Amino acid sequence: MSVYQTHRLGASCTAVLWKIEESEDELRPLLTLTVPEQMELLTITHPAQRVEWLACRAAVRALVESNGPYAGLYKDEYGKPHLIGLDAHISISHTSGWAAAVMHHSKPVGIDIEPFRQQFVRVVPRVLSDDEIRHADGDLHRLAVYWCAKEALYKLYGKRQLTFREHLHVEPFSDGAGLLTGHVRLPDDVRELKIHYFETGPGMLAVAF
C-alpha cells in the first residue's frame with residue numbers, strides 16, 4: 001500500500017504513480033471522503049473502476065501529506081479536480097491496475113497514464129493534426145506519445161470547448177526524448193507548455209505544466 005514511483009519535476013511539481021494491488025476494502029481506510037466524494041463513489045458501480053477511483057485519491061493524499069493535511073478533492077463545473085483548502089494545482093489519471101496524481105504549487109497541471117494500445121491507430125484522424133500524422137507515420141510508439149501528451153494538456157486546461165486535433169498541438173519530437181513542447185491554441189487563449197513523459201508503469205506517463 002504505497003507509491004510505486006515518484007517523479008520530481010522541479011522544485012514545484014511532483015508526480016506519483018501508484019500500482020493498484022489493494023482491494024476496495026483495503027483502500028477505504030486510507031481515505032476520509034467528503035460527502036460529495038461519497039456520493040460520487042456511489043455512482044460508480046464497476047468494482048475495478050471504484051478501486052481505481054479510490055487509488056487516485058490515495059495517490060493524491062500521498063502527495064499532499066508531505067506539505068500538510070489532506071482534506072479531500074472537489075470538482076468544478078467542468079469536472080476538473082481541486083484540492084480542498086490548498087492553493088496547489090492537482091491532476092489525476094487511472095487505467096487498469098494503475099493510478100497517478102501530480103501536484104504543482106503554482107501552475108495548472110495535467111497528468112495522463114496510458115498502456116500501449118492498437119486503438120491509437122484508429123483514432124488518429126480525430127486526435128492528430130496533419131503535421132502530427134505525418135510525423136507519427138503510423139508508428140504505435142509515437143502515436144502513444146501524442147495521445148498521452150494531449151490528454152495531459154486537456155486535463156491541464158480543464159474545460160470542454162476544445163478538441164485534440166484543432167486546439168491541442170505537440171511539436172515534433174525525437175524518439176526517446178523525455179521532454180516535449182505542447183500548445184493550447186484557442187481564439188482567446190494561447191499557451192506554450194512543457195510536457196514530461198516517461199515509459200513506465202502501464203506503458204506511458206505524461207505530465208504537462
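**Ground rules.** I am working with a predicted model, where local features need pLDDT of at least 70, side-chain atom pairs count only at pLDDT 80 or more, and totals for chains, interfaces and linings use all residues. I number residues from 1 along each chain as its sequence is written, and side-chain values use heavy atoms, with hydrogens and water left out.

**Helix pair.** I looked up α2 (residues 35–43) and α3 (residues 47–64). Helices here are DSSP runs of H or I, at least four residues, and strands are runs of E, at least two, numbered from the N terminus. The two axes come within 9 Å and cross at roughly 155 degrees. Axes are lines fitted to C-alpha atoms, for helices over the stretch in contact, and angles run from 0 to 180 degrees between N-to-C directions. α2 and α3 are therefore roughly antiparallel (over 145 degrees). On the α2 side I find E37, E40, L41 and L42 making the contact, and on the α3 side R50, W53, L54 and R57. Contact means heavy atoms within 4.5 Å. I count 4 nonpolar, no polar and 4 charged residues there. Asp, Glu, Lys and Arg count as charged, Ala, Val, Leu, Ile, Met, Phe, Trp, Tyr, Cys and Pro as nonpolar, and the others, Gly among them, as polar.

**R142.** I found R142 in helix α7. Beyond its neighbours within four places in sequence, R142 touches H135, A136, F173 and D175. I also checked R142 against V109: they are 33 residues apart in sequence and 22 Å apart in space, C-alpha to C-alpha.

**Pocket.** Which elements each supply at least two residues of the lining of the largest pocket? I noted α3, β5 (89–95) and α7 (140–157). β5 gives the largest share, 5 residues.

Notes
Angles under 35 degrees count as roughly parallel, over 145 as roughly antiparallel, 65 to 115 as roughly perpendicular and the rest as oblique.
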